[in-house]
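Work through the following exercises with the sequence and the model in view. Each task is followed by a solution in steps.

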4 protein chains.
Amino acid sequence: MPRVGMMAIRKDALVNATISEIGRRGSLDVTMGQIAKAAGVSSALAHHYFGSKDHLLLAAMRAILVEFGAAARAELARASTPMERLTAIATASFGGRNFCPDVISAWLTFYVMAQRDPQAARLLRVYQQRLVSNLIHSLRPLTNDAPRIAATAAALIDGLYIRHALADAGPPDAEAATRRVTDYLELAIR
Amino acid sequence: MPRVGMMAIRKDALVNATISEIGRRGSLDVTMGQIAKAAGVSSALAHHYFGSKDHLLLAAMRAILVEFGAAARAELARASTPMERLTAIATASFGGRNFCPDVISAWLTFYVMAQRDPQAARLLRVYQQRLVSNLIHSLRPLTNDAPRIAATAAALIDGLYIRHALADAGPPDAEAATRRVTDYLELAIR
Amino acid sequence: MPRVGMMAIRKDALVNATISEIGRRGSLDVTMGQIAKAAGVSSALAHHYFGSKDHLLLAAMRAILVEFGAAARAELARASTPMERLTAIATASFGGRNFCPDVISAWLTFYVMAQRDPQAARLLRVYQQRLVSNLIHSLRPLTNDAPRIAATAAALIDGLYIRHALADAGPPDAEAATRRVTDYLELAIR
Amino acid sequence: MPRVGMMAIRKDALVNATISEIGRRGSLDVTMGQIAKAAGVSSALAHHYFGSKDHLLLAAMRAILVEFGAAARAELARASTPMERLTAIATASFGGRNFCPDVISAWLTFYVMAQRDPQAARLLRVYQQRLVSNLIHSLRPLTNDAPRIAATAAALIDGLYIRHALADAGPPDAEAATRRVTDYLELAIR
DNA sequence: AATGAATGAGGATTCATTCAT
DNA sequence: GATGAATGAATCCTCATTCAT
């Protein structure tokens, strides 16, 4: 029963379905049919709204990145000291829906997509740069080696992600991952 | 002098072609046809030798892991002090053919494959565990926090890999990556 | 003054859009969506008014044929001698909007449609017969071989159309085409 | 049961199937599946050999054009006087397999295809030019108005084709069509 | 009168895989 | 040992068409 204003609802549903299906199946080889079914619509509608599979994938990626950005901003808002800010960034990285197997899988998948899709690569680089510059900004008052430490911390975060994508033992431990990053940062600025 | 059969030659060619094609195209979406052509044989032969695409992919993965293991052992053989051993591991991680865009892409791809193929996952976990236990072994004389530091260093290595998979600027800088890891290790054991 | 309902306006707009879109894209592969958009309405409305794509195509065809018929009648009304009547028919064939690339393309398309749609075939045959009988009627006073000459002239007209559908050089030259037909007719009745 | 050397056989079969299916269905809307089935192979094989539907269509077009060219040459070889040459051209135009409903339909279809495919347009123009220049060459000794007469005759030939594409009465009458053309030519050079 | 929403059916194309030679 | 031939199954995508509003 078609109602007016379904577009936004359907788009959201499709984006979410994309993420969860990628997560569930653990690969880019999700078909539009699977995604559409998971969203409760026909694959034709998915095309109608997104134009192509790549566009839908990109939209899903963007959604994850946006969500991560929002989480980061929220955490940062509560921080006052530089060190608190650093902890906030680490917490945001592994917090919320970010560190679920679903999203980790999707993340990995996007890295792969970025290998051939310039737009995906751009999107991912924006995320990376934002992460690094957030870190640098907070590190600056604490050390004069901010850029290098930030780069290392960023790589560490990505590495922890990837390692968890492979872990067989239940849900990933966000706290442990966060602590690993903050431990490094504390060590580095001392 | 035992004459090497065609089989071994072809298998090698196919495995190498697999790696380089994955690298060149930057995705799992390499077709058997592409691989076979790159190896100079028919795709039917690839099946004849490997049974299926997944098996060939797995063989390629195994080859990369073996090569990495050999490099690591070679580096370690030249090391005498614990710190030298740690540096050797880092060097091996980013040395040889390991840190070429080709191999990084393939690596990424294998992580994705591991999401759905248990055998691939197992293979990758073996690598991870070996890396970690190598690190632990070398760290033990230097610190009593070896497991944690090793885990962090391993994640850092993986993170540096992934970050380089996305870098747009020419060939990855192996030395810089190595230094980043040794810097962390030195910091951690101090 | 009877106010024309929306229906007539929309139907006209759709028919015109059909012709111009067929012309613009040069093929039957025009979609209802394209036509509807060009007419400034939704594709659902096009269905509402015409029932199906075939019906709309048929209506467009009919419109072209009607327009051609009107042009022919108008030219004929001004003619008094048999030879003037023949010239009038030729002029009408290539005059007005008839000889624009748009309409030529549409014409071609209708010929193709007629291959499978009996109604379209019937429509086209009506046009052909009218053209031939117009020619015969005007030739009768001038020759006793009217039917054959008329048939040849009609084929010549169609042939000139089709040749111009392919010409790459700008807009078709209506005058030259007309002259070619009258030249033949003058030759034939001499 | 795969045998070596099937390629040429299959390609031929597919090209013929393309022509006959276009003819049978009377439109470009023939599917690869229909063509392939008519050729007794899978649609995948058709793609394997021709790369795409457009390429197959083009190949079919080329085949018709080649066949026509061969017929024309054969007829011309038997002609000695200029007038005989002209008759030969007309005969070839409507002779052989050329004037079957199948081929006429295909021909029409190619005209439509030429509206959007530059390669198809080029092919068709080559045919047209060859026809015209053949005519001019043979007309030259007989008149000093060769180009104009040739152009008219060429258009007439195309027109007769198109008119026969629509005729409902059984197989087209090649002789009558030929005579119509030669009648015109005789008239024109007198 | 008019449309956004939605879909089923179908089409081109790709690809891993099999098989006879 | 090696390959050309061949295909079934699957995927993305398009489009005419329907329907509730």
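**Exercise 1. Describe the interface of chain B and chain A.**

Step 1. Chain B and chain A each put 37 residues into their contact, where contact means heavy atoms within 4.5 Å. The model is predicted, so local features need pLDDT of at least 70 and side-chain atom pairs count only at pLDDT 80 or more, while totals for chains, interfaces and linings use all residues. Residues are numbered from 1 along each chain as its sequence is written, chains are lettered from A and ligands numbered from 1 in the order in which they are written, and side-chain values use heavy atoms, with hydrogens and water left out.

Step 2. About 3,400 Å² is buried between chain B and chain A, with 60% of it on carbon and sulfur atoms. Buried area is the accessible area (1.4 Å probe) that two parts lose on being put together, summed over both.

Step 3. On the side of chain B, the residues that lose the most area to chain A are B:Gln115, B:Arg163 and B:Leu166, together 23% of what that side buries.

**Exercise 2. Find salt bridges between chain B and chain A.**

Step 1. Apply the rule: a salt bridge is a side-chain nitrogen of Lys or Arg within 4 Å of a carboxyl oxygen of Asp or Glu. Between chain B and chain A the count is four salt bridges.

Step 2. One salt bridge pairs the side chains of B:Arg163 and A:Asp158, at 3.1 Å from N to O. B:Arg163 lies in helix H8 (residues 146–166) of chain B and A:Asp158 in helix H8 (residues 146–166) of chain A, so this pair joins two chains. Helices are DSSP runs (H or I, at least four residues), numbered from the N terminus.

Step 3. A salt bridge also forms between the side chains of A:Arg148 and B:Asp183, at 3.6 Å from N to O.

Step 4. Over all chains, the rule gives 21 salt bridges.

**Exercise 3. Describe the interface of chain D and chain C, then check two other chain pairs.**

Step 1. Chain D has 36 residues in contact with 38 residues of chain C. The buried area between chain D and chain C is about 3,400 Å², and carbon and sulfur atoms give 61% of it.

Step 2. In chain D, D:Gln115, D:Arg163 and D:Leu166 lose the most area to chain C, together 23% of what that side buries.

Step 3. Four salt bridges cross the interface of chain D and chain C. The side chains of D:Arg163 and C:Asp158 form a salt bridge at 3.0 Å, N to O.

Step 4. Chain A and chain D have no contact, and their closest C-alpha atoms lie 21 Å apart. Chain B and chain D do not touch either, with their nearest C-alpha atoms 12 Å apart.

**Exercise 4. Describe how H1 packs with H4 in chain A.**

Step 1. Helix H1 (residues 6–25) and helix H4 (residues 53–77) of chain A pack at about 90 degrees, and their axes are 9 Å apart. Axes are lines fitted to C-alpha atoms, for helices over the stretch in contact, and angles run from 0 to 180 degrees between N-to-C directions.

Step 2. The angle makes H1(A) roughly perpendicular to H4(A). Angles under 35 degrees count as roughly parallel, over 145 as roughly antiparallel, 65 to 115 as roughly perpendicular and the rest as oblique.

Step 3. H1(A) brings A:Leu14, A:Val15, A:Thr18, A:Ile19 and A:Ile22 to the contact, and H4(A) brings A:Leu56, A:Leu57, A:Ala59, A:Ala60, A:Ala63 and A:Ile64.

Step 4. The contact of H1(A) with H4(A) has ten nonpolar, one polar and no charged residues. Ala, Val, Leu, Ile, Met, Phe, Trp, Tyr, Cys and Pro count as nonpolar, Asp, Glu, Lys and Arg as charged, and the others, Gly among them, as polar.

**Exercise 5. Classify the packing of H6 with H7 in chain A.**

Step 1. The axes of helix H6 (residues 101–116) and helix H7 (residues 118–139) of chain A come within 6 Å and cross at roughly 125 degrees.

Step 2. This angle makes H6(A) oblique to H7(A).
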